[in-house]
Amino acid sequence: MASSSTSSLNLHSLPKASSGLGQWKSGFRYELLGSSVSRNRLFVSPVVIHHRSPRLPAIKAAYNSDGGSKRSRVYKESQAASGFPNAKVQQIASSVLPLGSFAVVTFVLWKVVGKFMSPKSPKTSAGENNSSTQGVKWSIGAGTNLLQGFAAKVDREAKQRLNEFAKELRSFRSVDMSGCNFGDEGLFFLAESLGYNQTVEEVSFSANGITAAGVKAFDGVLQSNIMLKILNLSGNPIGDEGAKTLCATLMENSSIEILQLNSTDIGDEGAKEIAELLKRNSTLRIIELNNNMIDYSGFTSLAGALLENNTIRNLHLNGNYGGALGANALAKGLEGNKSLRELHLHGNSIGDEGTRALMAGLSSHKGKVALLDLGNNSISAKGAFYVAEYIKRSKSLVWLNLYMNDIGDEGAEKIADSLKQNRSIATIDLGGNNIHAEGVNAIAQALKDNAIITTLEVGYNPIGPDGAKALSEILKFHGNVKTLKLGWCQIAAKGAEHVADMLRYNNTISVLDLRANGLRDEGASCLARSLKVVNEALTSVDLGFNEIRDDGAFAIAQALKANEDVTVTSINLGNNFITKFGQSALTDARDHVLEMTEKEVEIFF
């Protein structure tokens, strides 16, 4: 009887017939496999205990074209071996005994399965309760039901790891325990080591399954620890209740400067508690609340806190639900604040109206905001106009992110015009804004007389070969761009030719990103010819996702060998169509450069 591959009951064998129905007994072995309850499977294997008397051999009946002669021979051999006096008894044994055995085993299996699968009666004795849980033990290390022996081992290992973590908390200034999954119980264990420790300054408990109940472990601990400066609880589902408990604890803390609560299921109520904390705590400098569920109401609470708090430097609210109303509320808080230096609002769908209100608040801000992240906020050319007006007036902004909006060529022209007047922004990200050759040409013209911008991101914009040409013509001899990102810009081989020509003269660009531009071998060969020329600035080139084959790889390899003064230390050719032959050529070129110049070039395939 074959065992089923899909059943949780695995019948390995059936008892064979012995010399009598009453002369055999059957036992069963039960196995509970797997390290978690959700994957446990019960395997029932029958173990047959036979009587000491000789077993009854199986009686075979052969049927083939031989007819009676073979049937007669088989019959006689089986009759002589069995010891039965006549064929009638043997026929009974061959039919009744196997059927009887199957019936008995089936009955026993049915009773066993019924015992395990039927629900427990609520009225069970203490002895029955003990027997029902025997072999299963809870372990904080695995958090699941396990076999007793295995659970004990895991429990010992978990305790050993927690002891090691506790030792780290007592020994090192920076301790990273992220992703250890020790849960609330583990945090209670570790909190004791953190309580009176005067060594650790930074600790990460991120992604450990800590809930609101576990946050209570900090009660009394954070008040007595005067050395801890950075606490990371990101990725733990503490929710609003956990935020409330934590804030109550931090009211009396005078050491923690950075609090990271990203992806912790905090909503408006939790944001309200954090706002109250900011009103009373004068130590916190950076608070991160990215990827939570904070809506307009929560933004309003935090805005009120900004009016009273003058020590907070960085506020991270990326990936929440502020919207235009939230941005408007936050703008009012910014007007009366003097301390804020960084505002991160990526992915809040604030739109053009929210951008207008926010720019007005920042213009009235009495402090010096240096970093502004407005990426992925549904900002169009209209919103870009408000941003451009703020750029013209700002003297402190050094980093601006407008990534993944939709300002288009019109918005790009407005930003470009403001950059001609601004002398503080060093990094600007305009990637993914539906900018074409016309828009990037305006940006290029702004770079002509601007030596402040060192990082320019215009990737994910369909600027095409013409856009690459407009930008390259200016960067040949103008600007101070050190990092240029043109990935996913559809420049093709023709655009690569313009970029390669620019590299022959430019002496500032150090990092060049040309991923996914359809360069193919022709574009790679153009860039290779420029690599043969002495270039004292370029150190990193990214050519991934460009459909480059072996010919392009050979051209780059030859360029590396030919340039004895090569300064490139990293070339990415990943996700192309280079075979082992092209890879071999590039590896040989890398080894040649190392041997001749003692410079290491990392080449990624």
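What covers the buried residues of helix H16? This tour of a predicted model begins there.

**Helix H16.** Select residues 464-475, the 12 residues of H16. Its end C-alpha atoms are 17 Å apart, which agrees with the 16 Å that the helix should span at 1.5 Å a residue. Next, colour its buried residues: Gly464, Gly467, Ala468, Ala470, Leu471, Ser472, Ile474 and Leu475. The elements that cover them include helix H15 (437-447), strand E15 (455-457), strand E16 (483-485) and helix H17 (492-503).

**Helices H18 and H19.** Move on to residues 520-531, which form H18, and residues 550-562, which form H19. The two axes come within 8 Å and cross at roughly 0°. Angles under 35 degrees count as roughly parallel, so H18 is roughly parallel to H19. To view where they meet, display Asp521, Ala524, Ser525, Ala528 and Leu531 in H18 together with Asp551, Gly552, Ala555, Ile556 and Ala559 in H19.

**Asn225.** Now select Asn225, in the loop between helix H7 (221-224) and strand E7 (230-232). Is this residue buried or exposed? Asn225 has a relative accessible area of 2%, and therefore counts as buried. Its side chain reaches the backbone nitrogen of Met227 at 2.9 Å.

**The nonpolar core.** Finish with Phe205 and Leu231, which touch the most other members of the largest nonpolar core, a set of 136 residues. Select Phe205 and show its contacts, which include Met177, Phe182, Leu187, Ile210, Phe218 and Leu231 itself.

How values were computed: Residues are numbered from 1 along each chain as its sequence is written. This is a predicted model: local features need pLDDT of at least 70, side-chain atom pairs count only at pLDDT 80 or more; totals for chains, interfaces and linings use all residues. Side-chain values use heavy atoms; hydrogens and water are left out. A nonpolar core is a set of buried Ala, Val, Leu, Ile, Met, Phe, Trp, Tyr and Cys residues joined through side-chain atoms within 4.5 Å. Buried means under 20% relative accessible area, exposed over 50%, partly exposed in between (1.4 Å probe, protein chains only). Contact means heavy atoms within 4.5 Å. Helices (H or I, at least four residues) and strands (E, at least two) are DSSP runs, numbered from the N terminus. The expected span of a helix is 1.5 Å times one less than its number of residues. A polar contact is a pair of N or O atoms within 3.5 Å; within protein, one must be able to donate a hydrogen and the other to accept it, and residues adjacent in sequence count only if both atoms are side-chain atoms. Axes are lines fitted to C-alpha atoms, for helices over the stretch in contact, and angles run from 0 to 180 degrees between N-to-C directions. Angles under 35 degrees count as roughly parallel, over 145 as roughly antiparallel, 65 to 115 as roughly perpendicular and the rest as oblique. Lists of a residue's contacts leave out its neighbours within four places in sequence.
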